[in-house]
Amino acid sequence: MAGNNTALAVEIFDKPKKYEGRIANKRGSRKLYLDFFYHGIRIEKSTGLDDTPNNRIKAENLLAAILEQKKLGTLQFAKLFPGASDQEKEFHTLLEGREYAPDARGITFGNYVKGWYNSVWSNFPSNTKREDFRSVIDFWLTPYFGGKSFFHITGVEMQKFIASLKHQSGPKVGQPLSRARILNVLLVFKTIWNDAIEEHRWNLPDPCRSLKRHLPKKKKKVVEVFRFAEWTAVIEAMEPHYRPVAKLMVLTGMIASEIAALKKSHIREGYLYVEQSIVRGEESDELKTMYRERRIPLTKAIAEILKDAASTASGDYLFTMENGMTFTAERFQRRVWVKALKQAGVKYRKPYTTRHTFAAWALAIRTDQNRLVNLMGHASKMMIYEVYGRYVEGLEQDRLKILTYFGRDFKKGR
């Protein structure tokens, strides 16, 4: 029997027994209602049965069975009234001496996320991570899964979701998201899914377990590097205040977020220590990988840039935006980098290309690969062989210019 999403699952007795409760009517409704007390709380629930003589007998037998279970201590409120509120079910289940686990059918993704924001998301130590998660949740996940219960989020549903992930604006509007972006979206989904499963002790199959074959194929990265003449043109076109930053990126393989966090204390004993980064204005002691924490020998070219920066720095950081604000990779790319490449007439590459350029240039002047691994903060020589090695041939004619730019003391190393 069911009514108002309430299913009543108990054994029906042939004859009603003595009980402490009643079958009631409610004004404006033709249904019969159960009316009894449980754990000192008055329970009023619809049977889903219309008020007829035959149905009244059924309702009375049903109430008798409920009261018998109450007397024996075998009544399970949550199973008897699955349509009751979570607060009701949890309250009675705990008093019954059982652990309460909400049914996955009764909790939607959207409602769970509301609580998850307060209990989990708000405790993320990184503001950057919080904003990244919130962006994915609010833009991609909640619009699609918000009204769906966890029980109904299946592998098939996830395939439909992946197929719906398309660019909403810009030159790629209507085109599917890249494999990398889809994986980022799924990472956030799986974090929330796993938290819900663990919190409520649900035994649900992982809806993402077979998604790999439904993702777009991984495209081979073709990363371009700067030829020496291109880089010279970019530096000349760049605003003078930011030239030291750009030069340092190519001379060290550091990325803009690492340079943003450099302080005078990071220069010591003839080395530049890379220990922190600033992403979206937030300083972090965690770099991209554990290997990215490294020390870079101070060549003459590097030392001159750092000396000038230290002499003009008015605060803790060696480099700032021209208006004195904290230097951030995002502002640098948006306000400085794009403009410089356009004015130089150089094909656009992301600022991260300077890191690849450093590696390729270092290989072009025959730098020891083991040393290059340490300078770049890689775990092994795999990246050197598979990614950067392919660029060496095209840079051979720039070799002497690169060697002069780096300085012959770069080759000596430590």
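**Entry 1: a tryptophan and its partner**

Is W361 buried or exposed? I looked up its accessibility first: W361 is at 0% relative accessibility and therefore counts as buried. The terms I use here are buried for under 20% relative accessible area, exposed for over 50%, and partly exposed in between, with a 1.4 Å probe and protein chains only.

I note at the outset that this is a predicted model, in which local features need pLDDT of at least 70 and side-chain atom pairs count only at pLDDT 80 or more, while totals for chains, interfaces and linings use all residues. Residues are numbered from 1 along each chain as its sequence is written, and side-chain values use heavy atoms, with hydrogens and water left out.

I then listed the aromatic pairs and found that the structure holds 34. Rings of Phe, Tyr and Trp (its six-membered ring) pair if their centres lie within 6.5 Å; planes under 30 degrees apart count as stacked, over 60 as edge-to-face and the rest as tilted. The pair of F228 and W361 is tilted, because the ring centres are 5.7 Å apart and the planes stand at 35 degrees. F228 belongs to helix α8 (residues 228-237) and W361 to helix α13, so this pair ties together parts that are 133 residues apart in sequence. I also checked F228, which is buried with a relative accessible area of 15%.

Helices (H or I, at least four residues) and strands (E, at least two) are DSSP runs, numbered from the N terminus.

**Entry 2: the sheet around β7**

I traced an open sheet of three strands, in the order β6-β7-β10, with antiparallel pairing. Why does one side of β6 and of β10 lack a neighbour in the sheet? β6 (267-268) and β10 (294-297) are at the edges and each has a single partner strand, so one side of each is left without a neighbour. Two strands pair if DSSP finds at least two bridges between them.

I recorded two bridges for the antiparallel pairing of β6 and β7, and R268 stands opposite Y271 in β7. These two strands form a hairpin with two residues between them, and E269 in the turn has a positive phi of about 55 degrees.

On the other pairing, β7 (residues 271-274) and β10 are antiparallel over four bridges.

I searched for an aromatic cluster and found one formed by F109, Y112, Y144, F145, F150, F161, F189, W193 and W202.

I also looked for charges over rings, where NZ of Lys or CZ of Arg is within 6 Å of the ring centre and within 35 degrees of the ring normal. R105 lies over the face of F151 at 3.8 Å from the ring centre, and R371 lies over the face of F410 at 4.9 Å.

**Entry 3: P102**

I located P102 in the loop between α3 (86-95) and α4 (109-119). P102 is buried, with a relative accessible area of 7%. Leaving aside residues up to four places away in sequence, P102 touches D86, I107, H200 and W202; contact means heavy atoms within 4.5 Å. The C-alpha atoms of P102 and W202 are separated by 8.5 Å, although the two residues are 100 apart along the chain.

**Entry 4: positive phi**

Most residues other than glycine have a negative phi, and most peptide bonds are trans. I noted H39, with a phi near 55 degrees, in the loop between β4 (31-38) and β5 (41-50). H39 is partly exposed, at 30% relative accessibility. I noted R366 as well, with a phi near 65 degrees, in the loop between α13 (353-364) and α14 (369-376). R366 is partly exposed, at 47% relative accessibility.

**Entry 5: totals**

I counted 17 helices and 10 strands in the protein. Of its 414 residues, 43% count as buried. Among contacts between residues at least 6 apart in sequence, 63% join residues at least 24 apart.
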